[in-house]
Amino acid sequence: MSTITLDTVRKVYAGDVEAVKGVSIDIADGEFIVLVGPSGCGKSTLLRMIAGLEDITTGEISIGDRVVNKVDPADRDIAMVFQNYALYPHMSVYNNLAYGLKNRNMDKAEIDRRVKEAARILEIGDYLDRKPRALSGGQRQRVAMGRAIVREPAAFLFDEPLSNLDAKLRVQMRVEIKRLQKGLGTTSVYVTHDQLEAMTLADRLVVLNGGNIEQIGAPIDVYDKPASTFVASFIGSPAMNLLKVKGDENGLSLVSGKGLSGANAFGKSAYTLGIRPEHMSVVEAPKGDGNSGVDLEIKVNVLEPVGAESYIYGEFAESGEEIVVRVESHSTYEPGQTLFLRAEPKDVHFFDAETGARIES
Amino acid sequence: MKRLQIWDHVILLSGVFFMVAPVVLAFITSTHDAVTIYRSGLQFGFGDQGLQAYEDVLFRAGGFTKEVNGLVMLKNSLILGLGFAIGKIVISMLAAYAIVYFRFPMATFCFWIIFSTLLLPLEVRILPSYEIVQQLGMVNTYQGLIVPLIASATGTFFFRQFFMSVPDELTEAARIDGAGPWKFFIDILVPLSKTMMAAIFIIMFVYGWNQYLWPTLITTDESFFTLVRGIKQILQVWVGAQIPDYDQIMAMAILAMLPPVIVVVIFQSWFVKGLVESDK
């Protein structure tokens, strides 16, 4: 168990492709960090650099007090869980778990104790003699985690470990990983592109985009106060609605033409306005009371019931900008119907139209 | 549909017939005495000699020196076939391992150089090869028979393709598990390549077993003669006043065929597996 420190880590591939552009993160002992971002954002590269599978172009990675830039993966005291499990196909589950320990010349009895213990925790004791081929996806995933656990490493590294599982199993394993990590208290870095996994697992989220950190923070803080339009659209499902807003001396107005209540407090000519689908309510008529909330008028395109709730996919008649709104389950709205929506001031986010950066109100 | 099936069988059966008939004829003929064969050619019914010819071939010393019998030749053939096949597998696995897993300058170039030796079979380079073996003093030795032949472009190519299909994650997992290059090769790659090795073993064993030109050149000492050469030898030695021992020739041909057939029969399910699927 130990801390992991990344100090302005960069990765440049041959041909001047800069995959990671100077990332610094301090990971506390026992913390569960999730690196999240779209494909190509550098999250996997970053994880592989921590593991030692990729060279670090510049910057420094320390595990505990030790700079590990030049340390072999085997000697970094980390264990990694791969997306495709990467189990040794010709070895029994037992040997898969024991292989890394055998290579470290560990005492046979100690290996046996650790393998049995991991098998007990993961409930794979019955399969120890089987080959990976004879296991289901979920069982293989457990074996892959078992291989990490038996090592009792300073840190676990997870590279999208759940993306090969079906939806139901994924939820189950997600809960299990979290329980396991909390139980063992091992520092963990977890890479995923699934924002739901990221939200539910992380102590702290690191949102990456194009090799840069967009935001670091507790999941709920990232959700409440996204630092940029990128984070806003990436965290939360369905994504936050982003609407273009013009500002002048008279106040703010949507590009769709409707005025917004509230003054142009930040003195810019263009903003992006963000409202989450779950933060709007359908009202009888626009309030228009000068309160600093937002009143919108949209046309319903599609109503999508998902059971516990429904989503309205609509658009602004004037500009054609699209918007998603969460409404109660069993709602009935007709396509083409006009709706008035209301969002409270605390749920309205402003971003700089050019840089996408959050503007604190 | 029905008719098509009948035709399928007819075609298959005729194929089997053409493949097996010569072997059966050789076997039947080998049960006659040499005079009968000399007089009336191939025989279509069993003769009165039984398996006498086989006993003669295996245990009666022949040749100029009268020191070598069929058993010795069988042993020589086995040594050549096994040494050839195993040597090729070892060498080509190591070569492919180097090419696929180690970054060294001009790796691809090296591979294509190896690959292009397919254009230079033994027959093309036989004089320089002989020269080298002779200078190394390996004429009339097993090393001389085997070593010059074990570099294999085909084997290297097959293993290269196989290694490239092994997922990178497996290599990385092994690295994190503390397996160095040798450990990875022995613990992971070799067991994974089992079916591939079996497939290449069959091809190479049969190929090595059937070598004729190279053994003829490199071994002049009769105690190194292989079965394949033995057949020729019987014919040569008895030409003259006597009738050649045709029955023994047939018997030896059958004997020379048996080990490769056994190898193919034993390994054939692996063979198919090795070439079409992988155990990853």
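These legends describe close-up views of a predicted model. Residues are numbered from 1 along each chain as its sequence is written, chains are lettered from A in the order in which they are written, and side-chain values use heavy atoms, without hydrogens and water. In this predicted model, local features need pLDDT of at least 70, side-chain atom pairs count only at pLDDT 80 or more, and totals for chains, interfaces and linings use all residues.

**View 1. The fold of chain B.** Chain B has 14 helices and zero strands. Helices (H or I, at least four residues) and strands (E, at least two) are DSSP runs, numbered from the N terminus. The C-alpha trace of chain B spans about 70 × 65 × 30 Å along its principal axes. Of the 280 residues in chain B, 41% are buried. Buried means under 20% relative accessible area, exposed means over 50%, and partly exposed lies in between (1.4 Å probe, protein chains only). Take the contacts in chain B with a separation of 6 or more: residues 24 or more positions apart account for 74% of them. Contact means heavy atoms within 4.5 Å.

**View 2. The largest pocket.** About 1,000 Å³ of space lies here. A pocket is found on a 1 Å grid over the protein atoms alone; it is an open set of points where a 1.4 Å probe fits, with protein on both sides within 12 Å along at least five of seven lines. Lining residues have an atom within 4 Å of a point. Grid points are joined across faces, edges and corners, and a volume is the space filled by probe spheres set on the points. The lining of the largest pocket has 34 residues. Leu53(A), Tyr101(B), Arg103(B), Thr171(B) and Arg175(B) lie nearest the centre. Helix H9 (168–176) of chain B gives the most to this lining, with five residues. By class, 17 lining residues are nonpolar, seven polar and 10 charged. Here Ala, Val, Leu, Ile, Met, Phe, Trp, Tyr, Cys and Pro count as nonpolar, Asp, Glu, Lys and Arg as charged, and the others, Gly among them, as polar.

**View 3. The second largest pocket.** This pocket holds about 440 Å³ of space. Its lining has 19 residues, with Thr117(B), Leu120(B), Arg125(B), Ala151(B) and Ser152(B) nearest the centre. H4, H8 and helix H11 (194–209) of chain B each give two or more residues to the lining. The largest share, three residues, comes from H8(B). The lining has 12 nonpolar, five polar and two charged residues.

**View 4. Val206(B) in helix H11 of chain B.** Val206(B) is found in this helix. Val206(B) counts as partly exposed because its relative accessibility is 23%. Not counting residues up to four places away in sequence, Val206(B) touches Pro260(B) and Val264(B). Phe158(B) is 48 residues away along the chain, and the C-alpha atoms of Val206(B) and Phe158(B) are separated by 17 Å.

**View 5. Helix H5 of chain A.** This helix covers residues 167–184. At 1.5 Å a residue, its 18 residues should span 26 Å, and the end C-alpha atoms are 26 Å apart, which agrees. The expected span is 1.5 Å times one less than the number of residues. Buried residues in H5(A) include Met173(A), Ile177(A) and Leu180(A). Among the elements covering the buried residues are strand E3 (32–36) and helix H3 (108–122) of chain A. Gly185(A) follows H5(A), with a positive phi near 65 degrees.
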